[in-house]
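Subject: Structure for your files

Hello,

Here is the structure I said I would pass on. Please keep it with the sequence.

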Amino acid sequence: MDLRLRGKRALVTGSSRGIGRTIALSLAEFKVDVAINFFRNRAAAEEVAREIEARGARALLVKGNVANEEHVGRMFDEIEQAWGGLDMLISNAASGVLKPFDDLTLHHFHWTMDINAFALLPLVQEFLRLSSSAEKIVVAVSSLGAIRAIPNYTAVGASKAALESMVRHLASELAPRGVRVNAVSAGTVDTDALKHFPNRDTLLEESRQRTPAGRLIEPQDVANAVVFLCTEFASMIHGQVLLVDGGYSIRA
Ligand SMILES: NC(=O)c1ccc[n+]([C@@H]2O[C@H](COP(=O)([O-])OP(=O)(O)OC[C@H]3O[C@@H](n4cnc5c(N)ncnc54)[C@H](OP(=O)(O)O)[C@@H]3O)[C@@H](O)[C@H]2O)c1
């Protein structure tokens, strides 16, 4: 299948593991060069780089905390030096504090917001500084917790709601400058992130049972939607949140 993505250059934040890793490898399948951002786990990022190169695309490691403006600036400088430009930004890295309301502090809330929502601002600003592509593509990865209440998910859910709102506002403001901004939101995916959920087993079982499509969402399901939004087939899709949840959210 030719999606006409060959030779494009993408940064995927948080692509050393989980969904970000699968997005990076999926883009590489279509010969997109991928800058792999990670924060702590270099060995995992190096393994992703090897897998990207095995698919015939270029890989670049860019270490940095997306919530730190200086780190973000440095990441984009490194991409500029290596590749001279960038065509796509996939903002996937996320973290956050999972606690019941009574245990949640403002510090937890700020920390979660900084990584999951506010980081989009410097990321997109740096991306626009670097990119001279006719069509500049931004895809943010969100979660169902932005629009539904999930136990222990107050801070992360609120951060994802803010992220989705930013996607709409940036899409509207930046479309005249050739920037297409969208989000992909997913239901429960069994990645390392789930290990931090105090209620992991219940969450997985409930998701399985309530999903009309009959199975959990896999990282590849999310990556497929991201790749679609990166193609010219999505050229008139702006400011949308594409839900990948097997129908979970449409059930009463
Ligand atoms: N898993 C789910 O059920 C689910 C559902 C819906 C949406 N999502 C969304 O999908 C995205 C990926 O989630 P996941 O489950 O794949 O997560 P994950 O397995 O925990 O992986 C997180 C990735 O983000 C990186 N990262 C974490 N904090 C970072 C920071 N401050 N700066 C830069 N990189 C950072 C990690 O790198 P290091 O290891 O190097 O720190 C890792 O590569 C997130 O936006 C998440 O909200 C997940």
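Below are the findings, after two notes on conventions.

This is a predicted model, so local features need pLDDT of at least 70 and side-chain atom pairs count only at pLDDT 80 or more, while totals for chains, interfaces and linings use all residues. Residues are numbered from 1 along each chain as its sequence is written.

Ligand shell. The ligand is surrounded by 30 residues, with G14, G18, A94, S143 and A193 the closest (a residue counts if its C-beta atom, placed from the backbone, lies within 6 Å). Helix 1 (18-29), strand 2 (33-38) and strand 5 (136-143) each give two or more residues to this shell; helices (H or I, at least four residues) and strands (E, at least two) are DSSP runs, numbered from the N terminus. Helix 1 gives the most, three residues.

Core. The largest nonpolar core has 64 residues, and A24, V34, I36, V139, V184, V222 and V226 have the most contacts inside it. Such a core is a set of buried Ala, Val, Leu, Ile, Met, Phe, Trp, Tyr and Cys residues joined through C-beta atoms within 7 Å, where buried means 20 or more other C-beta atoms within 10 Å of a residue's own, all placed from the backbone. Helix 8 (residues 219-230) supplies the largest share of this core, seven residues. Apart from it lies another core of five residues, among them V97, L98, A155 and V156.

Contacts of V139. Leaving out residues up to four places away in sequence, V139 touches I90, N182, A183, V184, V226, L229 and C230 (contact: C-beta atoms, placed from the backbone, within 7 Å).

Regards

Methods: A residue is buried if 20 or more other C-beta atoms lie within 10 Å of its own, exposed if 12 or fewer, and partly exposed in between; C-beta atoms are placed from the backbone. Two residues are in contact if their C-beta atoms, placed from the backbone, lie within 7 Å.
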